[in-house]
Amino acid sequence: MAILQMQRINIYALTKHCKGIIEALQRAGVMQVEKLEVEDSVFYKEDTSSQQASYKRNAVTLANAAEILSSYVTCKKSLFASLMGRKVLSKEEYYKRLDDYSTVLQSAYSIIRNHKKISENKAKIINYQSKIESLRPWENLDVPLTSTTTNYTTTVIGSFPERFDYESLRLAIAHADSDLEHFDLEIISSDDNQTCVFAVCLTKDYERFMAALRKNGFILPAFSADVSASEEIGRLNEKIKRRKTLSQKCVDEIIAQKDLMEDLNFFEDYFTMKAEQYAQLENLSYSPHTFVMTGYVTKKDGEKLAQLLFSQYDAQVELEDAQGDDVPVVLSNSRFTEPVEGVVASYSPPNRKELDPTGVMAIFYYIFFGLMFSDAGYGLVMALACGIAIKVFKNMETGLKKSLKMFFWCGVSTFIWGLLFGSFFGDAVSVISKTFFGVDAPAIPGLSVPIWFNPTEGAGPTKLLMFSFLLGIIHLFAGLILQAVNYIRSGKVLYAIYDDLSWMLLVGGAALALLSTEMLASMAGFMLPSVWLTVGGIMALVGAVLILFFSARNKNPFKRFIKGAYNLYGVTGYLSDILSYSRLLALGLATGVVAQVFNQLGAMFGGGLIGAIGFTIVFVVGHTLNIGINALGAYVHTNRLQFVEFFGKFYEGGGREFKPYSVKTKYFNIKEEI
Amino acid sequence: MSGLFLAILGAAFATFMAGIGSSIGVGKAGVAAAGVLAEEPSLFSKVLILMLLPATQGIYGLLVAFLTLSAVGVIGEPVGTISVAKGALYLAACLPIAFSGLISAVHQGKCSVAGINTVSKKPDQMGKALIIPAMVETYAILALLISILAINGIKPLAI
């Protein structure tokens, strides 16, 4: 539960070691490089954008090649691929793999080239096929489609946009020009949309004949060929065949590269890393023979990094403790609380002046999640699943690992709450023993009878509601105490009294006073002795006075009073905050009752073998569904309680996240221990 | 009109009104989610979670209906005849989740759509995109709570 001390690190070294240092820093992944704005008669900056662009281009090329390859070769992808994480390579393995640089790049280009050819061929084939389609109506015509002339006659080949037979076409032409006599025509093919016609007329009548035809919508064919249509179709089919063989050859060539997948992935990573290295080079300042760079490291890594750079690259390293708001933030927590760091970060990292809220939040986080999910069986499933995944997949990415650890602890908490409320897959134990064995379940604490109380029966809901409000008040007070600690750390002890103690007195006093009245006692099931009414009343009054006169910091007493009164109105906010914790009860009940619904549905099949099969199916499907939807609900609403109710009381956030310069790749992780 | 009819009417209201709300909400979010998947299939798990957020109201409705049905003995152990007054009370107890569920699910669906858009552009902002629709759900939860407490309170009444 702390924000780590950071160190400013300055590295001075000879330019010949520049590349080595940049690579080593990337593998170490512990330093955040800052831009160094030193430019004068000695030092200059370098622009590496063109190198970055070329490396990025190569990375894209390899990614494309890999994608193409995977579309032709089915690669087995495990169901748990996302849990596996990146493959870890040592520095030596990494350098060994680099030898294949040019061959792999060549192969990648050839894969892309072949893929391009394949798509070109595909386009051509479609083109040919559509040509064939338009030639089909002319298949019966055994002369070439180009019209020819003899000494006295001219042939006309073309089509009409409607259906004609021989008689009706002659009639139509006679209608257009009744004097035309010397022509002959032959219908090649006809359907509803087009009639293809071969006609012969006297050359001297040609113009008139054409005019008569055009009146009926005659058009010349859109293509010409010096062979007959059927011959042309044969030729096109031949071409299609040739294109298909070409394509197949390209496909074979691509498939032949199927073992290359890993190399393609490796070099994609390599180029991504290179691009990142060159991007970092822009943060450096160079003199003719040396360079200087600056950044942040955590204190625990600083010394080790300095050692490494000195021993391997003769670099001079300066370390000094960093102060100020702009220093990036790294959190450090115990194994139990560390997993929820991600939740804090997803809100906003703490700024350097305040406490790291992770530790306190983690405890409430696990409690609330467990209370909302509250089923021993579900908790067991969740904890086991997460625990096994963490054990089996060692290379898992850190972020994912943290989340799984968080859900592991949430599962443990769920398990405990489940036992307290006597819920194990709902009321599965008693339903099973009643349905299949015909006896009431033996009273096993936690599984069939609650260790504490059953929240779904009798006064259970109100009891749990009261308990939820109590947890809520504790949670809110924890937030106020954290704010008080922040104030005290920065020397503002009075603020802690005015802003935090005052509210605790007011809210706590009011709660005590209410609990000693009739109204709430009937709900809570118990009543405090009436002396608490006085004690609570006085506490609340003191709190209210403190807020009214001191919570505003104006010099002008009148303004201060008005603003204080406005702040006091914030008590309604506290009321709604506390009521908001009723979701702990509601979601807890939702899980429990839906689980019972599924058990009852399953039990409807009755006893015996068929009943057992039906029950098992309903049980597995129903409870899986319930786990999914209610775990989501518990997660979302736990976050909400932390972000809105808890953080709203004290948390400022806005710290700068520590983003170490590291290996950010997709497939391989190159590690160097420092 | 028997008391049993009124109670079952209440259970029906709780189920189908909250169910309608969830269908609309999840439906809207689903359309947006499918759109994002066309561009970024890797975001599937994230958009699925956002899409499922408005699904809870339907479940709350189911839950209240189930509690009502078991309170009047339609499922589980029989409890004897239900008076008209008692049936009407159950009907009233079902109304909070029926209405609140319907309307909050529709609006939560809209927030989910917006959240899916956020995630499609900035996948790392998932945490925040998740919290915004959850704000709307608060009111369904409050309604659920009142419905549950009311049903629980009506059960022992001797009317």
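The model is predicted. Chain A has 674 residues, of which 35% count as buried. Its radius of gyration is 40 Å, whereas a compact globule of 674 residues would have one near 26 Å. On the side of chain B that touches chain A, helix 5 of chain B gives the largest share of residues.

**Overall form of chain A**

- Chain A contains 23 helices and twelve strands.
- The C-alpha trace of chain A spans about 130 × 85 × 65 Å along its principal axes.
- Three domains are assigned in chain A: domain 1 (146-222), domain 2 (335-373 + 375-454 + 609-651) and domain 3 (461-580).
- The centres of domain 1 and domain 3 of chain A, taken over C-alpha atoms, are 101 Å apart.
- Of the contacts in chain A with a separation of 6 or more, 80% are between residues 24 or more positions apart.

**Strands around strand 9 of chain A**

- Strand 9 (residues 290-298) of chain A pairs with strand 2 (residues 6-14) of chain A in the antiparallel sense, over nine bridges. In this pairing A:Thr298 of strand 9 stands opposite A:Met6.
- Strand 3 (residues 32-34) of chain A is also antiparallel to strand 9 of chain A, with three bridges. A:Val33 has A:Gly295 in strand 9 as its bridge partner.
- Strand 8 (residues 285-286) of chain A runs antiparallel to strand 9 of chain A and is joined to it by two bridges.
- Three residues lie between strand 8 and strand 9 of chain A, and the two strands form a hairpin.

**Contact between the chains**

- On the two sides of the contact are 25 residues of chain B and 21 residues of chain A.
- Helix 2 (44-52), helix 3 (56-71) and helix 5 (126-154) of chain B are the elements that give two or more residues to the side of chain B that touches chain A. Helix 5 of chain B supplies 13 residues, the largest share.
- By type, the residues on this side of chain B are 19 nonpolar, five polar and one charged.

**Nonpolar cores**

- The largest nonpolar core has 116 residues, and those with the most contacts inside it include B:Ala14, B:Leu50, B:Tyr90, B:Cys94 and B:Leu144. Domain 2 and domain 3 of chain A each give at least three residues to this core.
- Beyond its neighbours within four places in sequence, B:Cys94 is in contact with residues including B:Gly10, B:Phe13, B:Ala14, B:Val64 and B:Ser147.
- Another core, apart from the largest one, has 52 residues, among them A:Leu62, A:Ala65, A:Ala108 and A:Leu281.

**Two residues with positive phi**

- Most residues other than glycine have a negative phi.
- A:Ser374 is not a glycine, yet its phi is positive, at about 20°. A:Ser374 sits in the loop between helix 12 (358-373) and helix 13 (376-392) of chain A. A:Ser374 counts as buried because 32 other C-beta atoms lie within 10 Å, and the cut-off is 20 or more.
- A:Phe425 likewise is a residue other than glycine with a positive phi, near 50°. The loop that holds A:Phe425 is between helix 14 (398-421) and helix 15 (428-437) of chain A. A:Phe425 is buried, because it has 25 C-beta neighbours inside 10 Å.

Note on methods:
Residues numbered from 1 in each chain as written. Chains lettered and ligands numbered in written order. Predicted model: local features only at pLDDT ≥ 70, side-chain atom pairs only at ≥ 80, totals over all residues. Contact = placed C-beta atoms within 7 Å. Helix = DSSP H or I, 4+ residues; strand = E, 2+ residues; numbered from the N terminus. Nonpolar A, V, L, I, M, F, W, Y, C, P; charged D, E, K, R; others polar. Pairing = 2+ DSSP bridges. Core = buried A, V, L, I, M, F, W, Y, C linked by C-beta atoms within 7 Å. Buried ≥ 20, exposed ≤ 12 C-beta atoms within 10 Å, placed from the backbone. Domains from an automatic or database assignment. Rg over C-alpha atoms; globule rule 2.2 N^0.38 Å.
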